Amino acid sequence: MIRAYRATDLFSSLTHADDILHLIAHANGTELQVGAKTRVSASELKALAAKGLRMPEVVVSTACKFDSKTWHDCLANLGVKILIAAAASVSPANLAAFDMAFYSALLTQVRKGQETLERVRASFQLAERYYGSIHAVGTSYARFKLTDL
C-alpha cells in the first residue's frame, strides 16, 4: 500500500506495483490538492495514463467529492479496478472513523485463497456496517461507496 500525502507520493504510485493507493487530499470534481499547494487535474492524470502509466488496482480516497464521473473515468484509464470514496464533503472525524474501520477489517480479516479485490470488497462491507452504526440516527455524515470501475 502507498499513502499519498504529497504530489510526489501520488506520482510515485504510477510506477509502483502496490495493491492499494490511499489518497489523502482535497478534491473537487476535476482537481486534487495534494500537499500544501500542488494541484493535479484529472486531465493531467489521464494524459499520464495515455503514456502507459498505471495506478494500483484499488484507490481509497478520503478527499471530498472524489466519487464523481470525472474521477471514475480518469482512474479507470489508469487501470484502477475499485474506487472507495465519498461524493460529499468528508470531515476529519469521518475520515478517521472510516479509515479505522476499513483498514482494521482489511488487515485483521486474513482471507486465505482470496484475491486482493475480493478482500477489499469484503472489508468494505464490514467497514461500512461499523462506520454507519457509530453515527446517531438522523445525523449526517459522509457516506463512502465502493465503485467497480
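A residue counts as buried when its relative accessible area is under 20%, as exposed when that area is over 50%, and as partly exposed in between (1.4 Å probe, protein chains only).

The model is predicted: local features need pLDDT of at least 70, side-chain atom pairs count only at pLDDT 80 or more, and totals for chains, interfaces and linings use all residues. Numbering starts from 1 along each chain as its sequence is written, and side-chain values use heavy atoms, without hydrogens and water.

**Overall fold**

The protein chain contains five helices and eight strands; helices (H or I, at least four residues) and strands (E, at least two) are DSSP runs, numbered from the N terminus. Read from the N terminus, the order of elements is β-α-β-β-β-β-α-β-α-β-α-α-β. The radius of gyration is 15 Å, close to the 15 Å from the globule rule for 149 residues, so the protein chain is as compact as a globular protein of that length. That radius is taken over C-alpha atoms, and the rule is 2.2 Å times the number of residues to the power 0.38.

The C-alpha trace spans about 45 × 35 × 25 Å along its principal axes. The protein chain exposes about 7700 Å², with carbon and sulfur atoms supplying 54% of it; the areas come from the Shrake-Rupley method with a 1.4 Å probe, and for residues only the protein chains shown count as cover. Among contacts (heavy atoms within 4.5 Å) with a separation of 6 or more, residues 24 or more positions apart account for 64%.

**The sheet**

Strands of a sheet pair through backbone hydrogen bonds, either parallel or antiparallel. Here two strands are taken as paired if DSSP finds at least two bridges between them. Five strands form an open sheet of mixed pairing, in the order 1-2-6-7-8. Strand 1 (2-4) and strand 8 are at the edges with a single partner strand each, so one side of each has no neighbour in the sheet. From one strand to the next, the twist averages 20°. The table lists pairings in this sheet.

| Strands | Sense | Bridges |
|---|---|---|
| Strand 2 and strand 6 | parallel | four bridges |
| Strand 6 and strand 7 | parallel | three bridges |
| Strand 7 and strand 8 | antiparallel | five bridges |

Individual residues show how these strands line up.

Strand 7 (residues 82-86) has five of its five residues buried, so the rest of the structure largely encloses it. Ile-82, Ile-84 and Ala-86 cover one side of this strand's account, with Leu-83 and Ala-85 on the other, and all are buried. Strand 6 is likewise covered on both faces: Val-58 and Val-60 are buried on one side, Val-59 and Ser-61 on the other.

**Helices and connections**

Helix 5 (residues 116-133) lies across strand 2, strand 6, strand 7 and strand 8, and runs at about 160° to strand 8. For such angles, axes are lines fitted to C-alpha atoms, for helices over the stretch in contact, and values run from 0 to 180 degrees between N-to-C directions.

Strand 6, helix 3 (residues 69-77) and strand 7 form a right-handed β-α-β unit. Right-handed means that, with the strands pointing away from the viewer, the path from the first strand over the helix to the second runs clockwise.

Lys-65 sits in the loop between strand 6 and helix 3. Most residues other than glycine have a negative phi. The phi of Lys-65, however, is positive, near 55°. Lys-65 is partly exposed, with a relative accessible area of 42%.

Asp-73 belongs to helix 3 and is partly exposed at 33% relative accessible area. Its C-alpha atom is 8.5 Å from that of Lys-46, 27 residues away along the chain.
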